[in-house]
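Please keep the structure in view while reading.

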Amino acid sequence: MLQLVAEVKTKLENQHSNLPVGKYGRDDEEMILWFLKDRKFSVEETVSKLTKAISWRKDFRVSELSEESVKRVAETGKAYLHNYLDVHGRPVLIVEGSKHFPGEFKPQEDESLCVFLIEKALSILPEGKQEMLVVINLRGFQTQNADVKFFTFVLDAFYCYYPRRLGQVLFVDAPFIFKPFWQLVKPLLKSYASLVRFCSAKEVKEEYFAADTIPASFK
């Protein structure tokens, strides 16, 4: 395994010397190993996927994201990191579907909040834990809240830049009006479709949280 990490590292250095180094850079051995596992230890596929991920982090300026830079969008309350882990010890990202309105903010602003929250969730992963839980509250969801373009960005982010970090996605109390949107986006999920569960707020409370850690939306 160490030999494969070294091989990827050498190829990145020789073929993509312009990529940054350091944490999340082309010489980050922990990141290289993570992507090797995702690509089933194929060196060529790992180099290809890592090159895109590291380039994206640089272009998106992930390292510059902060509470202040995403404050305007975060204040809507449409997405946030829960203060507590779930019963499986996973960080929890909560999305309030009824509070998202396409066009209210520039796409870059919504995307920045998304990436900032993913990064924040990863920063609090307990020892031995590798995944996060995403809870999407769909109570009050209307057609004007549907946003295929943004949904696609989130999927691409998890697949391309944060592989194997999504443990499960809960769609909570989905109304009938959500069905056409779901039929539209389900094919985009591909292998991630198996991580999706439609459930009720009652099931979220009883199965994923202790009595004193239930998110306010589901109390």
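Cys199 is buried, with a relative accessible area of 8%, where buried means under 20% relative accessible area, exposed means over 50%, and partly exposed lies in between (1.4 Å probe, protein chains only). This is a predicted model, in which local features need pLDDT of at least 70 and side-chain atom pairs count only at pLDDT 80 or more, while totals for chains, interfaces and linings use all residues. Residues are numbered from 1 along each chain as its sequence is written, and side-chain values use heavy atoms, with hydrogens and water left out.

A disulfide is a pair of cysteine sulfur atoms within 2.5 Å, and by this rule the count comes to zero disulfides. Cys160 is in no disulfide, since the nearest cysteine sulfur, that of Cys114, is 13 Å away. For Cys199, the closest cysteine sulfur is also in Cys114, at 20 Å, which is too far for a bond.

Helices (H or I, at least four residues) and strands (E, at least two) are DSSP runs, numbered from the N terminus. In these terms, Arg164 sits in the loop between α6 (148-161) and β4 (166-172), whereas Asp173 belongs to the loop between β4 and α7 (179-189).

| Residue | Relative accessible area |
|---|---|
| Cys160 | 24% |
| Arg164 | 38% |
| Asp173 | 29% |
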